[in-house]
Amino acid sequence: MAAYLIADIDVHDPIQFASYREAVAPMIARFGGRYLMRGPALELREGEDFLNRLVVLEFPTMQALRAFYDSPDYAPLIAMRQACTTSRVSLAEGYQPVGGLRGS
C-alpha cells in the first residue's frame, strides 16, 4: 500500500532551500518516491490559513518511505532543511478500500 510524506515548510533562506531541493530530488526517486505536490500555490477555501509550502511525496510502501527518511544519506539533508526552514513533517499510510472498491 502506498505511503505519503506530508510536509508544511516555511522557508527562511530560499538560496539554501534551493540547494536542498536539488539534492533531495534524486534521493527521493532512488527510494521509489515521487512528488505529488510541491510548492506554495494553495487556495484556501475554509478555515484559517496555516499552511506555507505544502509538499506531498508518494512512496510505494511505508517501508520504502521509512527507509528514505531514516537513511544515513538523508540525515545531512534533514539538517540542511532544518537550518533554512521551519518544517512540519508527517508520514501517513495510504487508504486501501475494503474489497478493492474505490471511494468506499
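Mentor: One term before we start: a residue is called buried under 20% relative accessible area, exposed over 50%, and partly exposed in between. Also keep in mind that this is a predicted model.

Trainee: What does the side chain of Arg88 meet in a salt bridge?
Mentor: The side chain of Asp8, with 2.7 Å from N to O. Arg88 sits in strand S4, residues 85–93, and Asp8 in strand S1, so this pair links parts of the chain 80 residues apart.

Trainee: Is Asp8 buried or exposed?
Mentor: Asp8 is buried, at a relative accessible area of 5%.

Trainee: How many salt bridges does a search of the whole structure find?
Mentor: Four. Another one joins Arg34 and Glu58, at 2.8 Å from N to O. Glu58 counts as buried, at 17% relative accessibility.

Trainee: And what does Arg45 form a salt bridge with?
Mentor: With Glu43, where the closest N and O atoms are 2.3 Å apart. Arg45 counts as exposed at 67% relative accessibility, and Glu43 counts as exposed at 58%.

Trainee: Change of topic. How many residues are in the largest nonpolar core?
Mentor: It has 20 residues, and those with the most contacts inside it are Val24, Phe59, Leu65, Phe68 and Tyr74. Strands S1 (3–11) and S3 (53–59) each supply at least two of its residues, and so do helices H1 (14–30), H2 (62–69) and H3 (75–84).

Trainee: Which of those gives the largest share?
Mentor: H1, with five residues.

Trainee: Why would nonpolar side chains be found together at all?
Mentor: In soluble globular proteins, nonpolar side chains tend to be buried together.

Trainee: Take Leu65. What is Leu65 in contact with, leaving aside its neighbours within four places in sequence?
Mentor: Ala3, Tyr4, Leu5, Phe59 and Leu91.

Trainee: Last one. Which residues make the nonpolar surface patch?
Mentor: Leu36, Met37 and Leu42 make a patch of about 230 Å². Leu36 lies in strand S2 and is partly exposed, with a relative accessible area of 39%.

Technical notes: Residues numbered from 1 in each chain as written. Predicted model: local features only at pLDDT ≥ 70, side-chain atom pairs only at ≥ 80, totals over all residues. Heavy atoms only, no water. Core = buried A, V, L, I, M, F, W, Y, C linked by side-chain atoms within 4.5 Å. Buried < 20%, exposed > 50% of the residue type's maximum accessible area, 1.4 Å probe, protein only. Helix = DSSP H or I, 4+ residues; strand = E, 2+ residues; numbered from the N terminus. Contact = heavy atoms within 4.5 Å. Patch = residues over 30% accessible without salt bridge, like charges linked within 9 Å, V, L, I, M, F, W, Y side chains within 5 Å. Areas by Shrake-Rupley, 256 points an atom, 1.4 Å probe, with all protein chains shown as cover.
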